[in-house]
Amino acid sequence: GESEYKKALAQISQELKVVSAEMKATSSSFANGDKSTKELATASTELSASLEKQKSALSTLKGQLATMSAEYAKTGEKHKALVDEYNSEKQKLDEIGRTLGTSSTEYKNQQKVVADLAQQVDKSSKSLDAQGKSLNNMRIQTANAETTVNQTAKALDDLGNEVGSGLARTE
């Protein structure tokens, strides 16, 4: 499941880069060009479309972040249960060692159970850590996307104010 998230995240990140580049191009042409009402309206339309794309990508990212967070919580619960089981089986091993001795068949069987659980706990810890890193990367991507959306919205507001003052001058 994690590879699907990484693939979707990469695609959304690429789309945000394209939209951000389009927004910068529109903003720079707006800043450097003649500010005719027609040009301002065109820039406004382009920024509006860019903002909608960004909002859609942000919504997708937030949905994936929520899904990843829920999966991380489930993985954490499973890991905790596995650690609890390991600790319980280790206590049984210690008790068997005290009562029956470390050379008994029961002790050796329990030792295998504990060793298997120790491997599972180690594997689970590594998986949980990797999932946590992916989740943090997704949080960063989501925050960056939200920043881009806010910047585009501000640019659109600024452009709207410019259009309004441009219309007032022509009247």
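Colleague: How far apart in helix H2 are Asp84 and Lys80?

Modeller: Asp84 and Lys80 are four residues apart in helix H2, so about one helical turn separates them. Please keep in mind that this is a predicted model.

Colleague: What do the side chains of Asp84 and Lys80 form?

Modeller: They form a salt bridge, in which the closest N and O atoms are 3.1 Å apart. Side chains of opposite charge can pair when their charged atoms come close.

Colleague: How many salt bridges are found in the whole structure?

Modeller: The search of the whole structure finds five salt bridges. One of these joins Lys62 and Glu146, with an N to O distance of 3.8 Å.

Colleague: Where in the chain do Lys62 and Glu146 lie?

Modeller: Lys62 is in helix H2, residues 37-99, and Glu146 is in helix H3, residues 105-170. The two residues are 84 residues apart, and the pair links distant parts of the chain.

Colleague: And what is the relative accessibility of Glu146?

Modeller: The value for Glu146 is 33%, which counts as partly exposed. Lys62 is likewise partly exposed, with a relative accessible area of 39%.

Colleague: Which residue forms a salt bridge with Lys92?

Modeller: The partner of Lys92 is Glu89, and their closest N and O atoms are 3.4 Å apart. Both residues lie in helix H2, three residues apart, about one turn of the helix.

Colleague: Which of the classes, buried or exposed, does Glu89 count in?

Modeller: Glu89 counts as buried, because its relative accessibility is 13% and the buried class is under 20%. Lys92, with a relative accessible area of 43%, is partly exposed.

Colleague: Changing topic: what is the volume of the largest pocket?

Modeller: The largest pocket has a volume of about 170 Å³. Helix H1 (2-32) and H3 are the elements that give two or more residues to its lining.

Colleague: Which element gives the most to that lining?

Modeller: H3 gives the most to the lining of the largest pocket, with six residues. The lining residues include Ser13, Ser20, Asn144 and Thr148.

Colleague: How many residues of the lining are polar?

Modeller: Seven are polar, alongside two nonpolar residues and one charged residue.

Colleague: What does Thr148 touch?

Modeller: Leaving aside residues up to four places away in sequence, Thr148 touches Ser20 and Gln54. Thr148 is found in helix H3 and is buried, with a relative accessible area of 15%.

Note on methods:
Residues are numbered from 1 along each chain as its sequence is written. This is a predicted model: local features need pLDDT of at least 70, side-chain atom pairs count only at pLDDT 80 or more; totals for chains, interfaces and linings use all residues. Side-chain values use heavy atoms; hydrogens and water are left out. A salt bridge is a side-chain nitrogen of Lys or Arg within 4 Å of a carboxyl oxygen of Asp or Glu. Buried means under 20% relative accessible area, exposed over 50%, partly exposed in between (1.4 Å probe, protein chains only). Contact means heavy atoms within 4.5 Å. On a 1 Å grid over the protein atoms alone, a cavity is a set of points where a 1.4 Å probe fits but cannot get out, and a pocket is an open set with protein on both sides within 12 Å along at least five of seven lines; lining residues have an atom within 4 Å of a point. Grid points are joined across faces, edges and corners, and a volume is the space filled by probe spheres set on the points. Ala, Val, Leu, Ile, Met, Phe, Trp, Tyr, Cys and Pro count as nonpolar, Asp, Glu, Lys and Arg as charged, and the others, Gly among them, as polar.
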